[in-house]
Amino acid sequence: MTATSTATSAGNSAGNSAGNSAGTAGGPGGTTGGSSPLAPLDGDFFGFQALLPDADLELLAWVRAFLDREVRPVVTDHWTRAEFPFELVPGFAELDIAGLRYGLSEHQGNELLNGFLALELCRVDASDNSFHGVHAGLAMGSIHRCGSDEQRERWLPPMARMEQLGAFALTEEDGGSDVAGGMRTTGGGSWVLDGVKRWIGNGTFADLVVVWARDVADDQVKAFVVERGTPGLGSRKMEGKIALRITQNAVIELRGCRVPEANRLPGARSFRDTARVLRQTRGGAAWGAVGCMLAAYELAVRYAADREQFGRPIGGFQLVQDHLATMLGNVTSGLAMVVRLAQLQEQGVRRHEQSALAKSVATTRMRETVALAREVFGGNGILLENDVARFFADAEALYSYEGSREMNQLIVGRSITGLSAFT
């Protein structure tokens with residue numbers, strides 16, 4: 001997504017049903033019973049979860065238990081009111097997963113574990129996954145990839161402990177897929193940012209906002225960490241969303257917002273550096289889509305077993321079984337793609353077009369899957385109390401963010417043909 005901001009040098013011119021759970025509240029390592037510390041997922045038909053070592057399964061079991069115990073009971077109420085559950089942040093911090101990518105957790109992180117974490121979060125609530133992805137992926141990732149050693153030491157440890165929460169301000173007020181256009185910034189000993197950003201997750205409450213803006217001196221995109229309370233920084237919540245209602249998307253206004261040189265990320269010298277951060281998180285969007293359709297599939301399977309019509313469970317009807325088999329195929333194909341993507345990413349050989357294809361295919365299959373799940377529920381599928389309506393609505397946001405289907409298809413098409421079809 002994009003945002004229109006300008007910055008001028010001060011010296012010149014001035015983002016209800018319980019699932020499978022395992023583990024205990026005591027933390028990873030406290031799980032008991034069975035050959036695996038984590039119960040298998042109903043929709044993991046080929047057993048991809050078994051690729052993870054026991055240490056990773058124990059962490060996932062703890063995360064799943066927390067989500068089932070603390071998040072599931074309150075998520076529909078918060079979704080209805082479009083309010084973020086701030087009371088859950090200490091619990092998320094205790095999971096110690098925000099710093100996994102950056103060596104700032106007691107757990108050993110890897111790409112496959114990161115992917116399954118996104119799946120588990122989105123399987124319960126896509127907004128909680130968005131909150132975590134913006135904070136731990138986009139905001140922390142920008143500082144980790146583009147910041148100096150001093151900046152990483154200054155900001156990343158408290159962000160890993162979730163003592164400071166981050167946002168990522170790229171999308172412009174009138175922007176969309178043309179992410180790089182329309183951003184301006186001027187250089188000097190200190191900086192003045194001017195402009196409006198839109199669709200900024202966590203933007204209403206973030207302590208640190210990574211703002212991307214164009215330097216008019218060299219016409220290149222650069223990044224700045226703007227701290228909460230900085231004069232000239234304002235935000236207001238976007239209202240009226242039908243998807244990701246818990247996610248606090250904001251319009252961020254920068255009016256003569258002065259940022260010291262110490263808050264400019266020196267590794268962000270052009271939009272190529274912005275794209276490096278986005279490539280890292282695009283795979284996470286595909287994992288989230290798999291989690292969303294997995295949740296819809298699980299709900300539909302349970303409903304088909306419980307709901308009776310014409311004297312027997314609807315799961316015994318041919319058309320319902322056809323829907324369930326189609327949904328399972330979508331989940332399985334998506335899961336196979338993102339698992340392989342994570343493996344390639346861990347090996348350092350993942351290509352941009354592979355992430356684009358995974359995101360495009362997974363979100364397209366997700367859209368079909370949540371629609372089939374709602375159909376299995378019949379009229380009951382539009383009731384929030386049955387959860388499937390929430391996943392049906394949230395899927396629309398997942399389908400669009402981190403690059404629309406069309407843009408990702410063109411990235412893949414360019415790879416296939418060697419010809420760019422971008423305007």
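Where is Asp387 found? Asp387 sits in the loop between helix H8 (352-377) and helix H9 (388-400), where helices (H or I, at least four residues) and strands (E, at least two) are DSSP runs, numbered from the N terminus. Welcome to a short tour of a predicted model, in which local features need pLDDT of at least 70, side-chain atom pairs count only at pLDDT 80 or more, and totals for chains, interfaces and linings use all residues. Residues are numbered from 1 along each chain as its sequence is written, and side-chain values use heavy atoms, with hydrogens and water left out.

- Most residues other than glycine have a negative phi.
- Asp387 is not a glycine, yet has a positive phi of about 70°.
- With 3% relative accessibility, Asp387 counts as buried (buried means under 20% relative accessible area, exposed over 50%, partly exposed in between, with a 1.4 Å probe and protein chains only).
- Phe310, also not a glycine, has a positive phi of about 55°.
- The loop between strand E9 (308-309) and strand E10 (312-313) holds Phe310, which counts as exposed at 79% relative accessibility.

**Helices H3 and H6**

- Helix H3 (residues 111-124) packs against helix H6 (residues 271-306) at an angle of about 45°, and their axes are 7 Å apart.
- That angle makes H3 oblique to H6 (under 35 degrees is roughly parallel, over 145 roughly antiparallel, 65 to 115 roughly perpendicular, and the rest oblique).
- Axes here are lines fitted to C-alpha atoms, for helices over the stretch in contact, and angles run from 0 to 180 degrees between N-to-C directions.
- On the H3 side, the contact (heavy atoms within 4.5 Å) includes Leu112, Phe116 and Leu119; on the H6 side, Trp287, Val290 and Leu294 are among the residues taking part.
- By class, the contact of H3 with H6 has 10 nonpolar, 5 polar and 3 charged residues (Ala, Val, Leu, Ile, Met, Phe, Trp, Tyr, Cys and Pro are nonpolar, Asp, Glu, Lys and Arg charged, and the others, Gly among them, polar).

**Around Gln220**

- Gln220 belongs to strand E5 (residues 220-227) and counts as partly exposed at 31% relative accessibility.
- Leaving out residues up to four places away in sequence, Gln220 touches Ala213, Arg214, Asp215, Arg269, Ser270 and Phe271.
- Gln220 and Arg269 are 49 residues apart in sequence, but 6.6 Å apart in space, C-alpha to C-alpha.

**Cysteines**

- The model has 0 disulfides, counting a pair of cysteine sulfur atoms within 2.5 Å as one.
- Cys146 counts as buried at 1% relative accessibility, and Cys257 counts as buried at 0%.
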